[in-house]
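Me: I would like to learn how to read the features of a folded chain from its coordinates. Could you take me through them with a case for each?

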Amino acid sequence: MAEFVPLQSDDLGVQLAVIAVYLVVALAVGLLAYRVTSREAEDYYLAGRSMGTVVLLFTTFATLLSAFTFFGGPDLAFTAGPEWILVMGLMDGILFAILWYVVGYRQWLVGRTHGYVTLGEMLGDRFGSTGLRALVAGISLFWLFPYVMLQQMGAGEALVGLTNGVVPYWAGAALITVFMIVYVVLAGLRGVAWTDTIQGLFMLTVTWAAVAWVLVSVGGPEAATSALAETNPEFLALGGGEGSFDLLTLGGGGLYSAKWMLSTAVTIAFGVAMFPQINQRFFVADSERVLKRSFTLWPVLVVLLFVPAFMLGSWAKGLGVTVPEGGNVVPALLNEYTPVWFAALVVAGAMAAMMSSSDSMLLSGSSYLTRDLYRPLVAPDASSQREGWVARAGVVGFAVVAFVASLFRPGTLVEVGDTAFGGYAQLALPVIVALYWPQTNRNGMVAGLVGSQAFYLGHVFGPLPTTYLGWDFALYGMLIGLVLTVGVSAVTSPTADENAARFTDGLRAD
């Protein structure tokens with residue numbers, strides 16, 4: 001077991017200096033992007049729909065991999081074993097790549113034709129309904145709030161763990177809040193995408209360097225795994241430390257039961273496809289070739305990050321790492337086995353993950369607020385320039401309210417993140433039906449969205465079971481949304497047929 005060594009003031013100075021330098025470099029990229037971004041709303045939100053393969057791939061990658069990934073996942077592996085890799089690193093790497101094609105390619109086709117910026121704008125036009133447009137935006141903003149809060153919680157916990165509690169939780173949460181406000185207000189999607197590309201490469205590099213450094217320090221992967229086998233042998237068998245199971249028969253129990261793993265993989269993958277900051281990236285590819293290359297390469301990038309990050313959490317358990325109260329396992333592990341400057345560098349990489357998510361979330365949230373609520377309901381004749389400034393004001397307000405909520409810490413990183421994923425997953429099947437079934441109508445969409453959300457919210461906030469026959473309640477909510485969308489559409493009169501025909505025309509590739 002590694003001996004706990006109190007942090008020295010000089011070490012604290014080094015750590016904070018490394019993080020500060022990183023933030024300054026990222027801000028400089030944002031300022032450069034500000035100089036080449038017009039004040040037009042489409043350029044601010046979608047970077048002129050001009051992204052190439054590398055930038056699109058890495059901005060999606062860095063945007064998705066947040067505090068939930070970098071700290072929540074390793075913490076879960078530290079507690080219950082490394083099988084989480086199967087859920088996120090393999091299942092969701094492949095499932096989301098498939099959904100990127102199923103949902104993203106069709107959205108790109110109609111977005112290119114009709115100039116859509118948001119999911120709500122696309123569906124509202126498809127069904128000729130401002131109310132549906134506002135409903136989609138309202139649902140999206142509701143579930144965006146806990147995920148923005150998750151990034152602030154992650155930053156606060158990261159600095160607590162890195163500095164052994166010298167820097168308080170609220171200071172880390174405040175730091176990332178101020179940074180993401182300044183960055184998003186200045187940069188727009190072009191700056192976000194440029195920085196995401198740098199941050200994505202940075203995250204991969206420092207994570208693998210951290211694995212190498214820790215393993216060299218403890219005597220190699222065999223020594224680290226042997227230590228885990230001695231302290232927690234159940235971690236090396238499927239079942240999450242509470243019993244094993246057979247993947248083929250879907251039997252067994254424990255935290256990592258097969259039904260739990262499959263439920264989580266499905267809800268996360270479908271939820272990710274509906275995240276505003278991810279879903280909007282379906283509109284921004286420069287060409288069909290760029291889009292297809294990006295989702296083909298996606299599973300490779302996911303595995304390259306998730307496997308080392310979650311193994312660090314598992315190995316830390318066997319090495320007897322002590323995690324400070326309110327902190328996370330990765331900073332604690334690095335403080336014990338790597339130099340202070342390197343531990344700070346890795347935490348800067350983790351904060352890069354959080355900032356890459358939070359800046360994109362705020363940018364997408366502001367577009368939903370202005371394009372789907374402010375413009376159609378409040379100021380239909382607003383200019384693009386005015387819309388852009390309203391969006392920036394929305395960024396500030398949303399981030400500040402989320403920061404205040406984060407101070408109350410309403411659950412662990414995994415709990416908060418999983419709740420948001422499940423909420424967004426309820427949107428997915430009605431949207432897919434709308435993209436592929438011409439007979440879908442407004443009544444069916446509203447019924448599917450409202451029914452599935454009501455079922456999900458009742459289980460999140462009410463005293464209802466979390467599973468039925470071993471399957472997570474979020475899956476049942478998704479099925480309710482599918483049945484209601486198809487069933488109500490089938491038994492009610494079609495609406496806005498002329499819009500449906502125009503929408504279908506947009507689905508024709510070149």
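This is a predicted model: local features need pLDDT of at least 70, side-chain atom pairs count only at pLDDT 80 or more; totals for chains, interfaces and linings use all residues.

Me: How many helices and strands does the protein chain have, and what share of its residues counts as buried?

Reply: Helices (H or I, at least four residues) and strands (E, at least two) are DSSP runs, numbered from the N terminus. The protein chain has 19 helices and two strands. Buried means under 20% relative accessible area, exposed over 50%, and partly exposed in between, with a 1.4 Å probe and protein chains only. Of the 510 residues of the protein chain, 58% count as buried. Contact means heavy atoms within 4.5 Å, and among the contacts in the protein chain with a separation of 6 or more, 84% come from residues 24 or more positions apart.

Me: How is a pair of packed helices read, and at what angle do α10 and α18 pack?

Reply: Two packed helices are described by the angle between their axes and the distance between the axes. The axes are lines fitted to C-alpha atoms, for helices over the stretch in contact, and the angles run from 0 to 180 degrees between N-to-C directions. Angles under 35 degrees count as roughly parallel, over 145 as roughly antiparallel, 65 to 115 as roughly perpendicular and the rest as oblique. Helix α10 (residues 258-274) and helix α18 (residues 473-491) pack at about 50 degrees with their axes 9 Å apart, and α10 and α18 are therefore oblique to each other. A crossing is left-handed if the near helix is turned anticlockwise from the far one by less than a right angle, and right-handed if clockwise; that of α10 and α18 is left-handed. In this pair, Ser263, Val266, Thr267 and Phe270 of α10 meet Ala474, Leu475 and Met478 of α18. By class, the contact of α10 with α18 has five nonpolar, two polar and no charged residues, where Ala, Val, Leu, Ile, Met, Phe, Trp, Tyr, Cys and Pro count as nonpolar, Asp, Glu, Lys and Arg as charged, and the others, Gly among them, as polar.

Me: Why are α17 and α18 described as roughly antiparallel to each other?

Reply: The axes of helix α17 (residues 442-461) and α18 come within 7 Å and cross at roughly 160 degrees, so α17 and α18 are roughly antiparallel to each other. Helix α17 passes α18 in a right-handed crossing. The residues that make the contact include Gly444, Gly448, Gly451 and Phe455 of α17, together with, among others, Gly477, Ile480, Gly481 and Leu484 of α18. By class, the contact of α17 with α18 has 11 nonpolar, 10 polar and no charged residues.

Me: Where is Ser367 found, and how many residues separate Val390 and Ser367 in sequence?

Reply: Ser367 is found in helix α14 (residues 340-378) and is buried, with a relative accessible area of 0%; its side chain reaches the backbone oxygen of Ser364 at 2.6 Å. Val390, found in helix α15 (residues 384-406), counts as partly exposed at 23% relative accessibility. Val390 and Ser367 are 23 residues apart in sequence and 9.5 Å apart in space, C-alpha to C-alpha.

Note on methods
Residues are numbered from 1 along each chain as its sequence is written. Side-chain values use heavy atoms; hydrogens and water are left out. A polar contact is a pair of N or O atoms within 3.5 Å; within protein, one must be able to donate a hydrogen and the other to accept it, and residues adjacent in sequence count only if both atoms are side-chain atoms.
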